[in-house]
Amino acid sequence: MTEESGPGMKVILMDKETTSIVSMVFSQSEILQKEVYLFERIDSVAKWDNLKHMKCIVFLRPTSENLALLCRELRCPKYGVYYVYFSNVISKSDVKTLAECDQQESVREVQEVFADYLAVDRHLFSFNIVGCLHGKSWNQQHLQRCSQGLLALFLSLKKRPVIRYASGSTACSRLAERVKELVRRESALMDNNIPYSDIAPQLLILDRRDDPVTPLLHQWTYQAMVHELLTINNNRVSLAHVPDVHKDLKEVVLAAEQDEFYAKNLYSNFGEIGQTIKSLMEEFQRKAKSHQKVESIADMKNFVETYPLFKKMSGTVSKHVTVVGELSSTVGRHELLQVSELEQELACQTDHAKHLQRLKGLFNNEKVRTEDLVKLVALYALRYEKHASNALSSLVDSLKSRVDEVARAPVLVLEYGGAHSRQSDLFGLQDAAKITKRLFKGLSGVENIYTQHSPLLKDTLEDLLKGKLRENLYPSVGGEDITRRPQEVIVFIVGGVTYEEAFCVHQLNQANPGVRIILGGTTIHNSTSFLEEIKHAMQGVQRMHTRHIRNV
C-alpha cells in the first residue's frame, strides 16, 4: 500500500478491526519507516487543520458503517489524495456510491487486498470474537464476519478448498453452507485469482463443544502460559498490575516477527525458559561490561555502531525477565503446579476416588484460587459425568461456600460440552485403538506430568492426513470428492482455539514435510475467555442434562 502511494508524508486511516489487523503484522516503527507519520481512525471526530500536503492511505473493512464514514470523508477531504484499500470484497454498487461522493476527485486508487483476519502466526489466525453463539445459535453478525473472513483467507492464500464440517454441529453446518454460498457468489473472482490443483485443499470446520477440556487446562509452554496467566491481546500483554514495574513495561509487545527471543521460545516449556532467560542475562551482562571500556577512538566508534543493538537487547532482557518473573511469582503464589497436576490427571486418567479426594484437599488450601477450583470441578464434571458415585452436586456446594456466583460455571460447562453434545470420543473410552494407546502411554510413563494431555484436534488431524477421517462424521458441502489425502488443510474451530492446539499444529507441520496445516478460530481462548464463551452460548438455554443439580 505504502509503495503504491509513492514518496511523501502519509497518514493511514483505519477502522477498529483493521487497526488490529495491521498491528498484528507491523510495529509502529516499521510503519514510520514507510513515511507514515499519522494514524487515524475513520470513526474519530478529531478536528485537524488543513493537511492537504499529506497522502491518505485508507484501509477499511467494507461494512455499511465504514462506507458511510468514508463517503463523509470524501465529500470534505482533509488530505490531498486518497488511496483506498478494502480488506475484503466490495460490491460494484458500493464503489459507484464512493465515486459519486468523491466530487473533488481526490481518490487515486481503490483496491481489495483480502486481509480480513488477524494473522497471529504463520499457521494461526483469529477473528477476535468471544461469544459467537447466543443460545446455541449463531449471532448473525458473527456468522457473517466469520464467513467473509474465511473467503478473504482463501483469496489471500490463493486456495479453493473442499469444505468439510462436523456433522453433529448445527453451528458448523451453518457456517459451512454460508462459506460455500459466498464462494459460489464470488466464483468469477475465485476463477481469476486461484488456479485449480490436482489435490484440493480442505477446510475443516470443527466445534469447540467437541473438546471443552483443552481450554480449561493450565499451559506450560511460554506463549500459552503468558496467555493463561497474563492474557495476550493483539500481541500486547498488560503488566500494569505487577508491583514496582517500570513505566516502560506496564504494557509489553510479544510478537514473534519483531522479537527474536520470543520467536525462538514460543513453545519452550517453563523450565527451559528459566534457563534461556539466565543465558540471555549473562550475554547481556558481558556486553554491558564491554560497553564500559571506552578508552580509545576505536572503542568510541565501536560503541556508537553497536549501541542501537545493545539498547534493543536491553529492552528484550527487561521485558522477558519481567514477564517470566511475574509468571513464576503467580505459579508459586497460587500452587499452580499442584493444580495443574490434578488437571492433567483428570484430563488423561480415570481414578474417581483418588481424584475426588485430591480435589477436596485443594478446596482446603487457601492459596488455591477460586477460578482454579472452578476449572477443576468442570474437568471433574466432564470426566465423571456418567460415574455412579458422581459428587458434582457436593463440589458445586463447596464452590458456593467460597464464592456463590461462580458455582454455576462448571454446570454450564457440562451442559455446553457434555457427552450429549459431543460427536467425538473425547476421553478415549469407546474406541479400542484409543484405549490401547492410552494404556501403553500409561505403562511407558510420560516425559512431563504437566504435559500429559494432547488436544483432540491432534487425533482428528492425524486421521485426516491418513485419509481415515470418517465421511459420515465430517461430510463435505455439496458432496465433493474427499477420498484423496490433502496436502493443505485449513482448520477452523467455531467457539475458539487455544495456543496448545496451535503448538500441536506446529508439531504436525514439522513432522509431515510437504503438508501445511493452518489453524484458525473465532478467537484464541484462555480459560477465562472460554468460560465467558460458554456463558454467551448458554444464555437463555434451558438446562436439560444438569437439572438434578439444584440451587445454581
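Arg369 sits in the loop that runs between α13 (352-363) and α14 (370-383). In this predicted model, Arg369 is buried, with a relative accessible area of 19%, a value that falls under the 20% cut-off for that class. Leaving aside residues up to four places away in sequence, Arg369 touches His218, Leu229, Thr330, His334, Leu336 and Arg402.

## A buried pair and its network

Let's follow the charges from here. Glu343 and Lys375 form a salt bridge, with their closest N and O atoms 3.9 Å apart. This pair links distant parts of the chain, as Glu343 belongs to helix α12 (residues 336-348) and Lys375 to helix α14, 32 residues apart. Glu343 is buried at 0% relative accessible area, and Lys375 is buried too, at 2%. Through salt bridges that share partners, Glu228, Glu343, Arg369, Glu371, Asp372 and Lys375 join into one network.

## Other salt bridges

The whole structure holds 28 salt bridges. One of them brings together the side chains of Arg160 and Asp191, at 3.0 Å from N to O. Arg160 lies in the loop between α5 (140-157) and β10 (162-165) and Asp191 in helix α7 (residues 187-193), so this pair ties together parts 31 residues apart in sequence. Arg160 is buried at 19%, whereas Asp191 is partly exposed at 44%.

Lys78 and Glu73 also meet in a salt bridge, at 3.1 Å from N to O. Here Lys78 is partly exposed, with a relative accessible area of 25%, while Glu73 is buried at 9%.

Leu32 is part of helix α2 (residues 28-32) and is partly exposed, at 37% relative accessible area.

Conventions. Residues numbered from 1 in each chain as written. Predicted model: local features only at pLDDT ≥ 70, side-chain atom pairs only at ≥ 80, totals over all residues. Heavy atoms only, no water. Helix = DSSP H or I, 4+ residues; strand = E, 2+ residues; numbered from the N terminus. Buried < 20%, exposed > 50% of the residue type's maximum accessible area, 1.4 Å probe, protein only. Contact = heavy atoms within 4.5 Å. Salt bridge = Lys/Arg side-chain N within 4 Å of Asp/Glu carboxyl O.
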